[in-house]
Amino acid sequence: MPDTRHPDLARLIGDGSVAVYGVNRALVAQRNSGGHVKVYAQFRAPLDWHTNLDPADAEAVRSSLLALFDGWAAPVLDLLRHGTAFVHRPLYVLPVSHTWPHVFGVTLLGDAAHLMPPLGAGANLAMLEGAELAESVAAATGPGDLDEAVRAFEEQMWARAGRWAKITMAGLERLVSPDPAEALALFDQVQPS
């Protein structure tokens, strides 16, 4: 659906998303359903950087973010200028090699098992793991067999999730870094091993 209120922003974002990187910060905008656009301001800051801001005070948050991204091109800053609501969402991750002792009858998958930076791997892993776990459960013939199937699923999941957690952590370190140009040049060279 074309955006008649902000046609310049619609062209900037296109049909999918746009990402702009600077020193230790980034702005990422992505189209969502219903013609809505979500804009993510990413930057390195203390966890409590926003304690003097009321997220409900859109003008105060907007001012703070515009100051943080001062000097960026006007069309990019318009992504912040036209925002109507702001939410503080710090990034949390689990350690790259996160595992747990196997517990009979219980397992985890997706973000509960391997929370990693949001660079496109986590949701895909969760869907794959759900399918693999379902196949493991369906193939089990009894309680002992089921427990071994779940244990084998966990081992496979941990190995794959560990590789992707390492990749996404490296990606985040590169993209929100002191030298984003170097990071972007290397970004397409990162492949899972």
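Modeller: Let us start with Asp 147, which touches His 102, Phe 104 and Gly 105 when residues up to four places away in sequence are not counted. Contact here means heavy atoms within 4.5 Å. The model is a predicted one, in which local features need pLDDT of at least 70 and side-chain atom pairs count only at pLDDT 80 or more, while totals for chains, interfaces and linings use all residues. Residues are numbered from 1 along each chain as its sequence is written, and side-chain values use heavy atoms, with hydrogens and water left out.

Biologist: Where does Asp 147 lie, and why is Asp 147 called buried?

Modeller: Asp 147 lies in helix H6; helices (H or I, at least four residues) and strands (E, at least two) are DSSP runs, numbered from the N terminus. Buried means under 20% relative accessible area, exposed means over 50%, and partly exposed is in between, with a 1.4 Å probe and protein chains only. Asp 147 has 11% relative accessibility and therefore counts as buried.

Biologist: How do you know that Asp 147 and Arg 151 meet in a salt bridge?

Modeller: A salt bridge requires a side-chain nitrogen of Lys or Arg within 4 Å of a carboxyl oxygen of Asp or Glu. For Asp 147 and Arg 151 the N to O value is 3.5 Å, and the pair meets the rule. The two residues are four apart in helix H6, so about one helical turn separates them. Arg 151 has a relative accessible area of 34% and is therefore partly exposed.

Biologist: What makes Asp 147, Glu 148 and Arg 151 one network?

Modeller: The side chains of Glu 148 and Arg 151 also meet in a salt bridge, at 3.6 Å from N to O. Glu 148 and Arg 151 are three residues apart in helix H6, again about one helical turn. Glu 148, at 45% relative accessibility, counts as partly exposed. Salt bridges that share partners join Asp 147, Glu 148 and Arg 151 into one network.

Biologist: How many salt bridges are there by this rule, and what makes Glu 173 and Arg 44 a pair that ties together parts apart in sequence?

Modeller: The count comes to six salt bridges. In the one between Glu 173 and Arg 44, the closest N and O atoms are 3.4 Å apart. Glu 173 belongs to helix H6, whereas Arg 44 is in the loop between strand E3 (37–43) and helix H2 (58–68), so the pair ties together parts 129 residues apart in sequence. Glu 173 has a relative accessible area of 45% and is partly exposed; Arg 44, at 40%, also counts as partly exposed.

Biologist: Why are H5 and H6 called roughly antiparallel?

Modeller: Two packed helices are described by the angle between their axes and the distance between the axes. Axes are lines fitted to C-alpha atoms, for helices over the stretch in contact, and angles run from 0 to 180 degrees between N-to-C directions. Angles under 35 degrees count as roughly parallel, over 145 as roughly antiparallel, 65 to 115 as roughly perpendicular and the rest as oblique. Helix H5 (residues 122–139) and helix H6 (residues 143–175) pack at about 160 degrees, with axes 9 Å apart. H5 and H6 are therefore roughly antiparallel to each other.

Biologist: Which residues of H2 and H3 meet, and why are these helices called roughly antiparallel?

Modeller: H2 and helix H3 (residues 74–81) pack at an angle of about 155 degrees, their axes being 9 Å apart. H2 and H3 are therefore roughly antiparallel to each other. Arg 62, Leu 65 and Leu 66 of H2 meet Leu 77, Leu 80 and Arg 81 of H3.

Biologist: Why does Pro 178 count as exposed?

Modeller: Pro 178 has 62% relative accessibility and therefore counts as exposed. Pro 178 lies in the loop between H6 and helix H7 (180–187). Leaving aside neighbours within four places in sequence, Pro 178 is in contact with Val 23 and Asn 24.

Biologist: What is the phi of Asn 24, and why is Asn 24 called partly exposed?

Modeller: Most residues other than glycine have a negative phi. Asn 24 has a positive phi of about 60 degrees although it is not a glycine. Asn 24 is placed in the loop between strand E1 (17–22) and strand E2 (25–31). At 24% relative accessibility, Asn 24 counts as partly exposed.
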